[in-house]
Amino acid sequence: MSLPILTSARGWPSVLLARVGVDAAGGIEAAEQAGAWVAYQNAVASLTPDAVISIISESGLRGRGGSGYPAGDKWRDCATRSESQRYVVANGFEADPGAQIDRTLMELDPHAVVEGVAIAAWAVRAGSAYIVVRASAVRAAERLRAAIAAAEERGYIGSVAAETGRPLTIEVREINGTFAAGEETVLLRALENRRAQPDQRPPFPSQRGLWGKPTVVNNVKTLAAVPWIISHGAGAYLSLGVREDPGTTLLQLGGTIRKPGIVEVPTGTSIRDVLDGPGGFVHGSLKAVLVGGPTGGFLPADALDTPITHAGLTEAGALAGSGTLLTLDEGACIVDLATLMTRFLNDESCGKTIPCRIGTRRMAELGAGFCSGRARPGDVQLLSDLSADVHDAALCGLEANASNPLLSGMRYFAAEFEQHIVGGICPAGVCQPIRAAALAPR
Ligand SMILES: Cc1cc2nc3c(=O)[nH]c(=O)nc-3n(C[C@H](O)[C@H](O)[C@H](O)COP(=O)(O)O)c2cc1C
């Protein structure tokens, strides 16, 4: 079931959701009337690939798939490689369980994604592009395919566009996979039908990606912003949100929030403004917000003024990640939830590196020790040291960020961890056997 799109009463700008509702069936006429494909036609008619990349760089667009990497830099790196064959891959895998932002965008405005892919392909001179979705995102795949077919019929893309010197095939690929499959190098391997494990970076995909060729991998939200930027200009995008990380972003509100759903906000908006505005406040008291899914972090109620930017969230110990904000009330045990996240990450680890395979398991065991009364006073330090080791040895972002739930929990809810160890008490009453387990032989 799709989540509702939340409207903002504050007149926040709409880039990604501007056409939502217009094109629900993937019909190109309605989408075109609302402005679809104008940017692409203008780009190929009057802008050189290099000029397109310059506009994207000047706009300050950053990756919306969690990396926050400047899109223009990535495109330029790919475009300047000597190989003549290059690819664009739109990452719509949306690995975070429960997240529905990318799927919703692809279902409600498939043309924005397809047009963004086409512009990126023009910019880096790629002749083939792939949009990768989860195998379960059936409707999103259908809508994307309908949008691609309609754009081919118009002659914008496909082999018919060969007459204009810019043939471009865009394919939708459904893949199955674990949380790690959303990581870009894993995704590329999955596309190549190889074992889904990450590769060492560098070389980055923009240098050596799909089948060894330079490849731009961008999240579908990143690419969907591109037509708007080409149409409105780099300056217009730069003026939205905060200058160091401009534009808008999509968030998914869930948990104890009164109005769960998906909302578009300008970057730099505080978490508080999102929860109190479109979210319609939380039910009861707010204990914490889990920001960014399993590799994200827990922020306490007094950190709600944290701005939603990559830097702001990272500094606070969270991650933009998938864009999910899950509100938690006093009935939630942070120790228990952080442990659950860590165990999930251990389960989803592809196992390629020992620090990830064994380190995340040991972290989850230490977390479970707090929940069952087996933790010792030194375990907080042990967990911090182990987290640092796993982070430093990281091959991919799963490993690098696997300690975020426990570390952010220990940072902001230190007293709760302490109570689990010293008093043998779970204040939320979630870790029930804790007293009994505390007496059990070790
Ligand atoms: C474990 C893991 C899962 C990821 N899952 C996704 C995902 O589902 N979608 C996505 O766009 N990026 C995901 N990423 C980030 C990608 O590796 C990559 O940075 C991103 O697709 C690049 O696009 P962007 O520059 O537009 O953000 C994931 C990273 C990690 C470490």
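**Exercise 1. Aromatic rings**

Task: Which residues do ring pairs link into a cluster with Trp37? Then classify the pair of Phe370 and Phe417.

Solution. 
- Step 1. Ring pairs join Trp37 to a cluster with Tyr40 and Tyr156. Keep in mind that this is a predicted model.
- Step 2. Look at the total. The structure holds 8 aromatic pairs.
- Step 3. Now take the pair of Phe370 and Phe417. Its centres are 5.3 Å apart, and the planes make an angle of 85°.
- Step 4. Apply the cut-offs. Centres must lie within 6.5 Å, and planes over 60 degrees apart count as edge-to-face. The pair of Phe370 and Phe417 is therefore edge-to-face.
- Step 5. Phe370 belongs to helix α15 (residues 354–371), and Phe417 belongs to helix α19 (residues 414–423). The partners are 47 residues apart in sequence, so the pair ties together separate parts of the chain.

**Exercise 2. Buried or exposed?**

Task: Are Phe370, Phe417 and Asp245 buried or exposed?

Solution. 
- Step 1. Recall the cut-off: buried means under 20% relative accessible area.
- Step 2. Read the values. Phe370 has 0%, Phe417 has 1% and Asp245 has 3%.
- Step 3. Conclude. Phe370 is buried, Phe417 is buried, and Asp245 is buried as well.
- Step 4. Asp245 lies in strand β6 (residues 245–246). Setting aside neighbours within four places in sequence, Asp245 touches Arg62, Arg64, Thr267, Thr309 and His310.

**Exercise 3. A charge and a ring**

Task: Over which ring does the charged end of Arg134 sit?

Solution. 
- Step 1. Find the ring of Phe93. The charged end of Arg134 sits over this ring.
- Step 2. Give the distance. The charged end of Arg134 is 4.6 Å from the centre of the Phe93 ring.

**Exercise 4. Domain 1 against domain 3**

Task: Describe the contact between domain 1 and domain 3. Which three residues supply 50% of the area that domain 1 buries there?

Solution. 
- Step 1. Domain 1 covers 28–239, domain 2 covers 242–328 and domain 3 covers 334–436.
- Step 2. Locate the centres. The C-alpha centres of domain 1 and domain 3 are 36 Å apart.
- Step 3. List the partners. Domain 1 brings 11 residues to the contact, and domain 3 brings 9 residues.
- Step 4. State the area. About 900 Å² is buried between domain 1 and domain 3, with 66% from carbon and sulfur atoms.
- Step 5. Name the three residues. They are Phe179, Gln197 and Pro198, which supply more than any other three residues.
- Step 6. Count the salt bridges. There is 1 salt bridge between domain 1 and domain 3. The side chains of Lys352 and Asp199 form a salt bridge at 3.9 Å, N to O.

Terms used
Residues numbered from 1 in each chain as written. Predicted model: local features only at pLDDT ≥ 70, side-chain atom pairs only at ≥ 80, totals over all residues. Heavy atoms only, no water. Phe/Tyr/Trp six-rings, centres within 6.5 Å; stacked < 30°, edge-to-face > 60°. Helix = DSSP H or I, 4+ residues; strand = E, 2+ residues; numbered from the N terminus. Buried < 20%, exposed > 50% of the residue type's maximum accessible area, 1.4 Å probe, protein only. Lys NZ or Arg CZ within 6 Å of the ring centre and 35° of its normal. Domains from an automatic or database assignment. Contact = heavy atoms within 4.5 Å. Buried area = accessible area lost by both parts, 1.4 Å probe. Salt bridge = Lys/Arg side-chain N within 4 Å of Asp/Glu carboxyl O.
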